[in-house]
Amino acid sequence: MLMDPLVARMRPFGTTIFAEMSALATRTGSVNLGQGFPDTDGPPEMLEAAVRAIRDGRNQYPPGPGIPELRAAIATHQREFWNLDYDPDGEVLVTAGATEAIAAAVLALCEPDDEVVCFEPYYDSYAASIALAGAVRRPVTLRPGPAGDYEFDPDELRAAFGPRTRMVLLNSPHNPTGKVFTADELTLIASLCVEHDVVAVTDEVYEHLVFDGAHIPVAGLPGMRDRTVQISSAGKTFSCTGWKVGWACGPAPLISAVTRVKQFLTYVNAGPQQPAVAVALGLPRSYYEGFRDSLRGKRDRLCAGLADAGFEVLHSAGTYFVTADITPLGGTDGVEFCRSLPERCGVVAVPTQVFYDSVDAGRHLIRFAFCKRDEVLDEAVARLRKLSAG
């Protein structure tokens, strides 16, 4: 028997931190503010549409690119919210969540030893997808600035581009930091993509959860429409993370390439959920605004509680998440801190250092999810206050 049958490029990737921390929450009965999933269901119109689709027999394979009404709804959404025009027949692809779209894009567009510029800390699937493609990460580090916002060094970004650069993988609003990239930052990224003839893959799953500032799709910047694969999903916007319905939009040559890989991953998925997501995308703007405002209130509720418990809370301009510095509470290592947190006070968080190549840059930071019912957040805060009282 082989000592380690796993291919070398995947050996650094063990069980995800989300699985470890969620299992720890279950085992200890802790309040789980680790993994980013809401504890309420999405809009009733969407849920009823899924039930109706099941009862109407829409339970077999959908078309490979996704059902026509969902692709049309995605194209309409992109046009109405972001002024981006995509042909639903050839420029829109439905995927098994944004995670599959990212993996398919990286596998389709990167040759071995191509370089991918990404911002760390990064969602863990980015590193795994790059490794599966045999490509090379070129991380640019986001660091807390004087005002508590995450920033990057423009010169460090410029230095990350070189002759082997094939792709920029960008997430804004950004998980795990909650950063919303500014217009100036995105303009710099776009100009470097054009200068170096680089493809951009943009993860925009939190596009409707911006509390401060504005979401700016990179695809709408000069020179970027024809070199950008824009990715999003229904999971975060409509509180249906278990459905795994995502999409990729972009010029036909790029979407064709992504489709050719995607068809050998899941092939298709979520037959009855696809028409339901089409219904959800057609909800009025008041839904999106109300959902955003609700999450903004939850962010403020948790941030105030974390500060009261003794954490140094960093600014979250969007997403489900806020990061906090454990140093004021005597913490020096986020992994150790998070593994001990359930026993100390019955709360689970996620250490963000596991999302860095430059581990020391994030060793003192942990991430909390605020996409929970208010009473759950209040219970977590009450428990966390034990840290500063002890």
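Pro176 sits in the loop between β7 and α7 (183–196). Helices (H or I, at least four residues) and strands (E, at least two) are DSSP runs, numbered from the N terminus. The peptide bond between Asn175 and Pro176 is cis, with omega about 15°. Pro121 is placed in the loop between β3 and α5 (124–132). Most residues other than glycine have a negative phi, and most peptide bonds are trans.

The model is predicted, so that local features need pLDDT of at least 70 and side-chain atom pairs count only at pLDDT 80 or more, while totals for chains, interfaces and linings use all residues. Residues are numbered from 1 along each chain as its sequence is written, and side-chain values use heavy atoms, with hydrogens and water left out.

Tyr267 is not a glycine, yet its phi is about 70°. Tyr267 lies in the loop between α9 (252–262) and α10 (273–281). The residue Tyr267 is partly exposed, at 42% relative accessibility. Buried means under 20% relative accessible area, exposed over 50%, and partly exposed in between (1.4 Å probe, protein chains only). Beyond its neighbours within four places in sequence, Tyr267 is in contact (heavy atoms within 4.5 Å) with Tyr61, Gly64 and Lys262. The C-alpha atoms of Tyr267 and Pro63 are separated by 9.3 Å. Along the chain, Tyr267 and Pro63 are 204 residues apart.

Thr319, also a residue other than glycine, has a positive phi near 80°. Thr319 is found in the loop between β11 (312–313) and β12 (321–325). Thr319 counts as buried, with a relative accessibility of 0%.

Charge pairing was examined next. Side chains of opposite charge can pair when their charged atoms come close. A salt bridge is a side-chain nitrogen of Lys or Arg within 4 Å of a carboxyl oxygen of Asp or Glu. By this rule the model holds 27 salt bridges. One of them joins Glu20 and Arg339, with the closest N and O atoms 2.8 Å apart. This pair links distant parts of the chain. Glu20 belongs to helix α1 (residues 17–28) and Arg339 to helix α12 (residues 334–345), 319 residues apart. Glu20 is partly exposed, with a relative accessible area of 29%. Arg339 is partly exposed as well, at 48%.

Asp114 forms a salt bridge with Arg164. Their closest N and O atoms are 3.2 Å apart. Asp114 and Arg164 are 50 residues apart, and the pair links distant parts of the chain. Asp114 occupies the loop between α4 (97–109) and β3 (115–120). Arg164 occupies the loop between α6 (154–160) and β7 (165–171). Asp114 is buried, at 11% relative accessibility, whereas Arg164 is partly exposed, at 39%.

Glu156 and Arg143 also meet through their side chains in a salt bridge, at 3.4 Å from N to O. The pair connects Glu156 in helix α6 with Arg143 in strand β5 (residues 143–144), 13 residues apart. Glu156 is partly exposed, with a relative accessible area of 25%. Arg143 is partly exposed, at 41%. A network of salt bridges links Lys298, Arg301, Asp374 and Asp378.

The protein has 13 helices and 15 strands. Its radius of gyration is 21 Å, which agrees with the value near 21 Å for a compact globule of 390 residues. That radius is taken over C-alpha atoms, and the globule rule is 2.2 Å times the number of residues to the power 0.38. The C-alpha trace spans about 60 × 55 × 55 Å along its principal axes. Buried residues make up 57% of the 390 residues. Among contacts with a separation of 6 or more, 74% involve residues 24 or more positions apart.

The protein exposes about 15,900 Å² (Shrake-Rupley method, 1.4 Å probe). Carbon and sulfur atoms supply 52% of this area. The 36 positive and 49 negative charges have mean positions 4 Å apart. Lys and Arg count as positive and Asp and Glu as negative, while His and the chain ends are not counted. The place of a charge is NZ of Lys, CZ of Arg, CG of Asp or CD of Glu.
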